[in-house]
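Please open the model in your viewer and keep a selection panel at hand. The tour begins with the whole chain and then moves to selected pairs of side chains.

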Amino acid sequence: MVGLTKPFVIGIAGGTASGKTTLARSLAEALGERVALLPMDHYYKDLSHLPFPERLSLNYDHPEAFDLPLYLAHAQALLTGKGVERPTYDFKAYTRGAHTAWVAPAPVVILEGILVLHFAELRALMDLKVFVDADADERFIRRLERDVRERGRSLESVVAQYLEKVKPMHLAFVEPSKRHADVILPGGGQNPVAVEMLKAKALARLAEREAA
């Protein structure tokens, strides 16, 4: 249990392969058990009832692709000191995995994903809103390398998906959410100054909690 004091909630958003996940993990490693990390990537809607070719054709960068009610419910549970069984997502099968992962409550909660700053319901929970900025060409190259290496995608499919869905959705939804950020960071987890700054802010809030 985290006690009666509301956890310090950090929202980390940014475009695909911008470095937001690396930043969130770096913070989680720096703060250890005092962090509950909730990646929105695992909260795509459960599409296991659809045939694989149909799942391939869907747009996973649109806000409607995410199970917002479940993500919001889990975030709110963590804020009240309750742990959650978060879903897992199989990026090769384009559907929710069979297993869940336990996320224990903690005094710092990190909400991370491309659209966490897009949703007003999520922004309302955050004490610090961060947008990780990166050059579009760099993001595309990182995504291409990651999807081919880790997710079994072909070069052609990654390029097609990026041009047809990822880039338009970034311009329509992700980039505009930058205006809600308290801090805009270049480089994400590859920016050690950013990591240290956010770590110091989180530690300061933890110290305030302990003093209270």
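Begin with a cartoon view of this predicted model, coloured along the sequence, and follow the chain through the pattern β-α-β-α-α-β-β-β-α-β-α-α-β-α, which comprises seven helices and seven strands. The radius of gyration is 17 Å, close to the 17 Å that the globule rule gives for 212 residues, so the chain is as compact as a globular protein of that length. If you draw a box along the principal axes, the C-alpha atoms fill roughly 55 × 35 × 30 Å.

Next, switch to a surface view, where the accessible surface comes to about 10,200 Å² and carbon and sulfur atoms account for 56% of that area. Buried residues make up 52% of the 212 residues, and, of the contacts between residues at least 6 apart in sequence, 75% join residues at least 24 apart.

Now colour by charge: the chain carries 27 positive and 27 negative charges, whose mean positions are 2 Å apart. The salt bridges number 13, and the following stops visit some of them.

Select E64 and K45, which form a salt bridge whose closest N and O atoms are 3.7 Å apart. E64 sits in the loop between α2 (52-57) and α3 (68-79), while K45 sits in the loop between β2 (35-39) and α2, so the pair ties together parts that are 19 residues apart in sequence. With a relative accessibility of 56%, E64 counts as exposed, whereas K45, at 33%, counts as partly exposed.

Move on to D67 and R96, a salt bridge in which the closest N and O atoms are 3.4 Å apart. Because D67 lies in the loop between α2 and α3 and R96 in strand β4 (residues 95-103), this pair ties together parts that are 29 residues apart in sequence. Are these two residues, D67 and R96, buried or exposed? Both D67 and R96 are buried.

Then select K178 and D133, whose closest N and O atoms are 3.1 Å apart in their salt bridge. This pair links distant parts of the chain, 45 residues apart, with K178 in the loop between α6 (155-174) and β7 (183-186) and D133 in strand β6 (residues 128-133). K178 counts as buried at 19% relative accessibility, against a cut-off of under 20%, while D133 is partly exposed with a relative accessible area of 25%.

For the last stop, select R143, R146, D147, R151 and R153 together, and display their side chains: these residues are linked in a network of salt bridges.

Conventions: Residues numbered from 1 in each chain as written. Predicted model: local features only at pLDDT ≥ 70, side-chain atom pairs only at ≥ 80, totals over all residues. Heavy atoms only, no water. Helix = DSSP H or I, 4+ residues; strand = E, 2+ residues; numbered from the N terminus. Rg over C-alpha atoms; globule rule 2.2 N^0.38 Å. Buried < 20%, exposed > 50% of the residue type's maximum accessible area, 1.4 Å probe, protein only. Contact = heavy atoms within 4.5 Å. Areas by Shrake-Rupley, 256 points an atom, 1.4 Å probe, with all protein chains shown as cover. Lys, Arg positive; Asp, Glu negative; His and termini not counted. Charge placed at Lys NZ, Arg CZ, Asp CG, Glu CD. Salt bridge = Lys/Arg side-chain N within 4 Å of Asp/Glu carboxyl O.
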